[in-house]
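Reader: Could you take me through the helix packing and the ligand site of this model? Please begin with the terms.

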Amino acid sequence: MATYDPASRIQKLRHFGEFGGVNPSITDSSTYTFLHGDDMFETFLGHMEGCFLYSRHWNPSNKYLADALAAMEDTESAWVTSSGMAAITCSLLQLCNTGDHIVTSVTTYGGTFAFLKNYLKKFQIEVTFVNISDLESVEAAIQENTKVIYTESVTNPLLQVSDIPRLAAIARRHNIKLMVDNTFTPMIISPARLGADIVVYSMTKFINGKNDCVAGAICGTNQFIHDLSNVNDGTAMLLGPVLDPLRSSSILKNIHTLHLRMKQHSQNAQVLAEKLNRSGISITYPGLKNHPQHELHSQLMNPEFGYGGMLAIDAHTVKKANSLMQKMQEQDVGYLAVSLGYFKTLFSCSGTSTSSEVPEDVQRQMGLSEGLVRFSVGLDNDIEATAETILQICHEEGLA
Ligand code: PLP
């Protein structure tokens, strides 16, 4: 098992406000004054460490959050974006040019799938979709023009666990980059420590944990972040999806409780998964011994954080899934809503919501049942009672 402690890395940061405030001051400015004209030019050239020129490039509040993310991931640097999709798309467009090729897990968040499948065609960037657990097929898909292997640590929505160390070894052998979306498992899995070159996040989810904003992050080397924010050809600088500093300051405060929340999400999901599993419900959760990558997850995870807050129940048909979700909402299990990482339990039928961009035949090929209900388990104080309610509804629906 890994031994890294991402929470203490964040705890050790000493960020003070302008007047000694315990929270860093918010820099509510889009532009910055210079005392000397020469300094402005040097800053544009990227030679002035610690100088800010314009908030689309860097903002001090965003830098505080980026530093916390880099500390959490153990990367040299990070950059914060206005959405998870901005983090993913900017990083891929930074790494790939027209004519290049990407090997990706076929199981990814629907928006990422749509970007890879439909959008990158515009730039003649080729994409091969593979089963990320089949490492031979991953390596076999690599071509002369391949630049990136792309995956999610724990995939959305099938909860397949990526073997990051072995994928990193394949990437190194072919001199290409491994990029990992760690949205489902912040602190639980530390992809950069396991060999990933770039780690991306939708901070909309667990990292912020409040569902009050959309945000993203890119963690990587100083060189990669510098290239992304280069004024001449940096994808992030030129496409401009920067995070608002008011938001980054509120996310920074929330990141300080992330370790507690992740442990509780995991603990609740484990209780729920075990109880539903014992009743014969078809359930997928990496913390269950019957999960195909349970052992792998156990090897990759940082101690004490558990197996995450995401689980899935197969209700077999969309009709059953809808009925189950409606009843669960009526009986206060949580909300019928997309997204995840919230303090309330959220559930949605993946095939007709967050994976609806994936064509039905591909959904079936990858093993995504039309009735799969994805749960983001909340921070319920009495998870046993919640589990009992779900179990009863599952009985009514003939699922248990
Ligand atoms: N990555 C994963 C795994 C997701 O689940 C999502 C959104 O659901 C995204 C990325 C996109 O993030 P955002 O909605 O913040 O753009």
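Author: Axes are lines fitted to C-alpha atoms, for helices over the stretch in contact, and angles run from 0 to 180 degrees between N-to-C directions. Helices (H or I, at least four residues) and strands (E, at least two) are DSSP runs, numbered from the N terminus. This is a predicted model, in which local features need pLDDT of at least 70, side-chain atom pairs count only at pLDDT 80 or more, and totals for chains, interfaces and linings use all residues. Residues are numbered from 1 along each chain as its sequence is written, and side-chain values use heavy atoms, with hydrogens and water left out.

Reader: At what angle do α3 and α10 cross?

Author: Helix α3 (residues 60–73) and helix α10 (residues 245–255) cross at roughly 35°, and their axes come within 8 Å. The crossing is left-handed, a term for the near helix being turned anticlockwise from the far one by less than a right angle, with clockwise giving right-handed.

Reader: Which residues make that contact?

Author: With contact meaning heavy atoms within 4.5 Å, α3 contributes S61, N62, Y64, L65, A68, L69 and M72, while α10 contributes P245, S248, I251, L252 and I255. By class, nine of these residues are nonpolar, three polar and none charged. Here Ala, Val, Leu, Ile, Met, Phe, Trp, Tyr, Cys and Pro count as nonpolar, Asp, Glu, Lys and Arg as charged, and the others, Gly among them, as polar.

Reader: And how do α4 and α5 pack?

Author: Helix α4 (residues 84–95) packs against helix α5 (residues 110–119) at an angle of about 30°, with the axes 10 Å apart. That angle makes α4 roughly parallel to α5, because angles under 35 degrees count as roughly parallel, over 145 as roughly antiparallel, 65 to 115 as roughly perpendicular and the rest as oblique. The crossing of α4 and α5 is right-handed. From α4, M85, I88, T89, L92 and L93 meet G111, T112, F115 and L116 of α5. That contact has six nonpolar, three polar and no charged residues.

Reader: Turning to the ligand, how many residues surround it?

Author: The ligand is surrounded by 14 residues, and the closest are M85, D181, S202, T204 and K205. A residue counts as near if one of its heavy atoms lies within 4 Å.

Reader: Where is the cis peptide bond?

Author: The bond from N156 to P157 is cis, with omega near 5°. P157 sits in the loop between β4 (146–152) and α7 (164–173).
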